[in-house]
There are 2 protein chains.
Amino acid sequence: MYTLYGMPDSGNCYKPRLAAEQLGVAYRWVEVSDTRAPGFLAKNPNGKVPVLELDDGSCLPESNAILWYLAEGTPLAASDRLGRARMLQWMFFEQYSHEPYVAVARSIVRHTPPDSPRRAELPRLQERGHQALRVMEQHLAREPYCVGATYSIADIALYAYTHCAEDGGIALAPYPAVRAWLERVRAQPRFVPMR
Amino acid sequence: MYTLYGMPDSGNCYKPRLAAEQLGVAYRWVEVSDTRAPGFLAKNPNGKVPVLELDDGSCLPESNAILWYLAEGTPLAASDRLGRARMLQWMFFEQYSHEPYVAVARSIVRHTPPDSPRRAELPRLQERGHQALRVMEQHLAREPYCVGATYSIADIALYAYTHCAEDGGIALAPYPAVRAWLERVRAQPRFVPMR
């Protein structure tokens, strides 16, 4: 059985949980409190959750690589070459142009005191978060999912922090197509919420 | 024939060029001067190079998604499930934990005036860049390539900005395993330099 090391409030850790639930893949959840502890660094020298541990003890970090590993060859992954590349297009977009703003703004709002100097970063993070949401809005106004007509791990990757963007002060009201897509994701079989 | 839209000094644009050269894939190179121009935004609403245009006019952005598209089913991609996930592990590491520091430090040093306020970001970017290089050093001291014994698109993704990290003031001297790996990459058949 897989072991998934993660933190409960992390969208990145929610991604593989949601995929595993929807695929009916059994796993054990282990909560990590310190990603810089030597025991955890042995599993991921980059010191980040989530990590998926396989039966042989080998460890796979990076939320979107774990999604790929779990979903390859299942209905959660595109079955054609361009579809697979388009899933990755959106998953790299998520990690480079979306998560560093949407998730980081949320983390600062939720986990720093009101007088933290980090709060000075919020306006810039929120503006970049809105840029990412505008790109999603444009796409989702034309297509029901990230990759055409079919729900996939690309949708899971982007759902993880989009659905809770308002936690970081990034309003979703201007994005009706994004909000309709969030509802379509929530309506998927075996959907589980982040918390 | 593919068309690759890019900028000559961009490591992200070098990645698909290097892969295409090594795979013997024909492509036309089109230099982009303004990624916010309407004509380019029609190709990538996220306003970033590179973009790969296919014969039917459809456009694929995100350097590492393009690498995947070009390399799937070739010797530049792992042929087993865990190997493919490990390639993606390193490619997501590159986009999240390496490029935003190593490439951005280089860009600031090369493209801002000496009195630019952006230079105040350099110490933090360089420190985070060194963190990424330490993770690579630990891995490459044990394995010849990102994914075991075989050169792959994960090595291309990480070579792109690692080989020129010193442009951004990030010394490679402390990383002998990384430097030996850079040499192994340069020794690959049909290797072409960035510039």
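Predicted model: local features only at pLDDT ≥ 70, side-chain atom pairs only at ≥ 80, totals over all residues.
**Entry 1: how the chains meet**

I started with the interface and found that 100% of the interface residues of chain B are also interface residues in chain A, so the copies meet through the same surface. I then looked up who takes part, and the contact takes 22 residues from chain B and 22 residues from chain A.

Which elements of chain B supply at least two residues each to the side that touches chain A? I found β4 (59-61), α3, α4 (81-111) and α5 (122-140). On that side of chain B, α4(B) gives the largest share, ten residues. I also sorted the residues of the side of chain B that touches chain A by type, and got twelve nonpolar, six polar and four charged.

**Entry 2: the symmetry**

Next I wanted to know how chain B gets onto chain A. In general, a rotation about an axis and a shift along it relate two copies of a chain.

**Entry 3: a helix pair in chain B**

I turned to helix α3 (residues 63-71) and helix α6 (residues 153-162), both of chain B. They pack at an angle of about 150°, and their axes are 10 Å apart. Angles over 145 degrees count as roughly antiparallel, and α3(B) and α6(B) are therefore roughly antiparallel to each other. Their crossing is right-handed.

I listed the residues that make the contact: B:N64, B:L67, B:W68 and B:A71 come from α3(B), while B:I153, B:I156 and B:A157 come from α6(B). By type, the residues of this contact of α3(B) with α6(B) are six nonpolar, one polar and no charged.

**Entry 4: two domains in chain A**

Last stop, chain A. I found chain A divided into domain 1 (2-71) and domain 2 (81-186). Taken over C-alpha atoms, the centres of these two domains of chain A are 21 Å apart. Their contact takes ten residues from domain 1 of chain A and nine from domain 2 of chain A.

What supplies the domain 1 side of this contact in chain A? I noted α1 (11-23) and α3 (63-71) of chain A, each with at least two residues. The largest share of that side, six residues, comes from α1(A). The side of domain 1 of chain A that touches domain 2 of chain A has six nonpolar residues, three polar and one charged.

Note on methods: Residues numbered from 1 in each chain as written. Chains lettered and ligands numbered in written order. Axes fitted to C-alpha atoms, helices over the stretch in contact; angles between N-to-C directions. Helix = DSSP H or I, 4+ residues; strand = E, 2+ residues; numbered from the N terminus. Parallel < 35°, antiparallel > 145°, perpendicular 65-115°, else oblique. Left-handed = near helix turned anticlockwise from the far one by under 90°. Contact = placed C-beta atoms within 7 Å. Nonpolar A, V, L, I, M, F, W, Y, C, P; charged D, E, K, R; others polar. Domains from an automatic or database assignment.
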